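User: Please walk me through the strand and helix layout of this model. Keep it brisk.

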Amino acid sequence: MPSFDFKNKIAFGGQKTLNNKNIDLRINQINKNFRLHTCYFYKEALKVIKKASEEIKLTPKLTTKVYFNYVIKNHYDTVLYQMIRICEKIKFVPKEWHVQICCNPNINDFDKHYNEFQERAEKTFNTNIKFFIESCNLWEQNTIKILESKKLYGSVFSLNN
């Protein structure tokens, strides 16, 4: 029977409050080489990851949710700017970075801007970045069109959608 490395297929999220319990959990996950999931807008989640990473001097693998053409807290940030802000908060660039693009991008907007964005992101961060589209059954037709463009690595879904 072929071996299956499930560590590359899942990501652990949560830990939105900065406290020792959450830092210790993140340290354990980083030490075991699990991928961590977070977002710039998840309360203190980035502070927890930053502190855990600093304590053990290891850079974790991350999946970060970013919002495409979406107004959050009365302002709009580009996907690239959200990625920059994430790195500013954690004080490192993830060693393996999966970027989960959410909010059901319009296929025309996506096609028009994605290539330039990808090039700028790869130059800005100089790391192993893979871009995914967030899937949801309500968005299925649009998600399929974006995946058919062959520009993204795949799709991401969460169990709480």
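**Sheet and helix packing**

User: How do S6 and S7 pair, and over how many bridges?
Analyst: Two strands count as paired if DSSP finds at least two bridges between them. Strands are DSSP E runs of at least two residues, helices are H or I runs of at least four, and both are numbered from the N terminus. Strand S6 (residues 96–102) and S7 pair in the parallel sense over 6 bridges.

User: What kind of model is this, and how are residues numbered?
Analyst: Residues are numbered from 1 along each chain as its sequence is written, and side-chain values use heavy atoms, with hydrogens and water left out. Local features need pLDDT of at least 70, side-chain atom pairs count only at pLDDT 80 or more, and totals for chains, interfaces and linings use all residues, as this is a predicted model.

User: Which residue of S7 is the bridge partner of Trp97?
Analyst: Glu96 stands opposite Asn128 in S7. For Trp97, the bridge partner in S7 is Ile129.

User: Is S7 largely enclosed or open, and why?
Analyst: Buried means under 20% relative accessible area (1.4 Å probe, protein chains only); exposed means over 50%, and partly exposed lies in between. S7 spans residues 128–134, and it is largely enclosed by the rest of the structure because the buried residues number 5 of the 7.

User: Which strands stand at the edges of the sheet?
Analyst: The open sheet has 6 strands in the order S1-S2-S3-S6-S7-S8, with parallel pairing. Each edge strand has a single partner, so one side of each lacks a neighbour in the sheet. The edge strands are S1 (11–12) and S8.

User: At what angle do H2 and H3 pack?
Analyst: Helix H2 (residues 45–56) and helix H3 (residues 79–90) have axes 8 Å apart. Axes are lines fitted to C-alpha atoms, for helices over the stretch in contact, and angles run from 0 to 180 degrees between N-to-C directions. The packing angle is about 50°.

User: Which residues make that contact?
Analyst: Contact means heavy atoms within 4.5 Å. H2 supplies Leu46, Ile49 and Lys50, and H3 supplies Ile86, Lys89 and Ile90.
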